[in-house]
Amino acid sequence: LKGFFRIRNSKETHELDYWKKRKALEGTLINSHYRHFFSDHFGLPLDYYTGKRILDVGCGPRGSLEWAEQAQERIGLDSLASAYGEIGANSQKMRYVDAPSESMPFSSGWFDVVSSFNSLDHVDDLEKTIKEIGRVTKPGGLFLLLVEVNHDPTPCEPIVFSWDVVDAFKEDFKVLELRHYEKSANGMYDSIHAGVLYDHSNPARRYGILSAKFLRLE
Ligand SMILES: C[S@@+](CC[C@H](N)C(=O)[O-])C[C@H]1O[C@@H](n2cnc3c(N)ncnc32)[C@H](O)[C@@H]1O
């Protein structure tokens, strides 16, 4: 039966169910927040992206790069990209690639900017994903990371790590900017907007949100 349909694992089934529910609630999935997170949040003017190649890893179905009309290439990579076509991704102004973050179908050093927003804890293999992010980012290029840390594993977020996940990028990247936030609102993006910095003097183990801007070493 291989080739006629793809059997989804339980993580993918949960993830797809979530997005189908979001689609039912929102109608057209909203994506207006991404522009801010790719630009102001990381101190990058919109024209920084002019002529650049952008890759959004674990991009989801919202059309996370629709804002980037000035880019030369804007690609969202997601292991559910084909399924997302059925809930609106097909008509968005960006290219989707259906592939795993552990084995990306791109040449080394192809992208000027690579991002992973709320996806690094969703992958299957963290080590392979980090290696691939390093491989496909051009020397001198940027990697933008937003992710929740310190949570228990869930069906869609099987990978658990803490603030020191940034150290796993050290072979290929230098940290340019690092921020730690409390999860003070419902979701990751709203918590960053709320801007409550993480209180490291409070020893209770709890969710946090990591924001990091990395430079790919030459
Ligand atoms: C919570 S969604 C985040 C979507 C988007 N980045 C956002 O912030 O709105 C996580 C995404 O990661 C994708 N994902 C999970 N494991 C993956 C993998 N191994 N390779 C590529 N994408 C993966 C899921 O399919 C899902 O679309």
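Trainee: Which residues of β2 are buried on one side, and which on the other?

Mentor: In this predicted model, strands (E, at least two residues) and helices (H or I, at least four) are DSSP runs, numbered from the N terminus. Buried means under 20% relative accessible area, exposed over 50% and partly exposed in between, with a 1.4 Å probe and protein chains only. In a regular strand the side chains alternate between the two faces of the sheet. Both faces of β2 are covered, the buried residues being E73, I75 and L77 on one side and R74, G76 and D78 on the other.

Trainee: What is the order of the strands in the open sheet of 7 strands?

Mentor: Two strands pair if DSSP finds at least two bridges between them. In this open sheet the pairing is mixed, and the order is β3-β2-β1-β4-β5-β7-β6.

Trainee: Which strands are the edge strands?

Mentor: An edge strand of this sheet pairs on one side only. Neighbouring strands of the sheet are turned by 15 degrees against each other on average, direction ignored, with axes fitted as lines to C-alpha atoms (for helices over the stretch in contact) and angles running from 0 to 180 degrees between N-to-C directions. The edge strands are β3 (95-98) and β6 (173-182).

Trainee: Which residue is the bridge partner of D78 in β3?

Mentor: β2 joins β1 in parallel over 5 bridges, where D56 has G76 as its partner in β2. Towards β3, β2 again runs parallel, with 4 bridges. There the partner of D78 is D98.

Trainee: Which residue in β7 does E182 stand opposite?

Mentor: β6 and β7 (208-216) pair in the antiparallel sense over 9 bridges. Within β7, the residue opposite E182 is G208.

Trainee: Which element supplies the largest share of the lining of the largest pocket?

Mentor: On a 1 Å grid over the protein atoms alone, a pocket is an open set of points where a 1.4 Å probe fits, with protein on both sides within 12 Å along at least five of seven lines, and lining residues have an atom within 4 Å of a point. The largest pocket has 43 lining residues, with E15, Y18, W19, N118 and H122 nearest its centre. β1, β2, α5 (188-194) and α1 (10-26) each supply at least two of the lining residues. The largest share, 7 residues, comes from α1.

Trainee: Is N118 buried, partly exposed or exposed?

Mentor: N118 sits in the loop between β4 and α4 and has a positive phi of about 55 degrees although it is not a glycine. Most residues other than glycine have a negative phi. At 27% relative accessibility, N118 counts as partly exposed.

Trainee: What is the relative accessible area of N150?

Mentor: N150 also has a positive phi, about 65 degrees, although it is not a glycine. The loop between β5 and β6 holds N150. N150 is buried, its relative accessible area being 9%.

Trainee: How many disulfides does a search of the whole structure find?

Mentor: A disulfide is a pair of cysteine sulfur atoms within 2.5 Å. The sulfur of C156 is 15 Å from the closest cysteine sulfur, in C59, and therefore too far for a bond. The number of disulfides found is 0.

Methods:
Residues numbered from 1 in each chain as written. Predicted model: local features only at pLDDT ≥ 70, side-chain atom pairs only at ≥ 80, totals over all residues. Heavy atoms only, no water.
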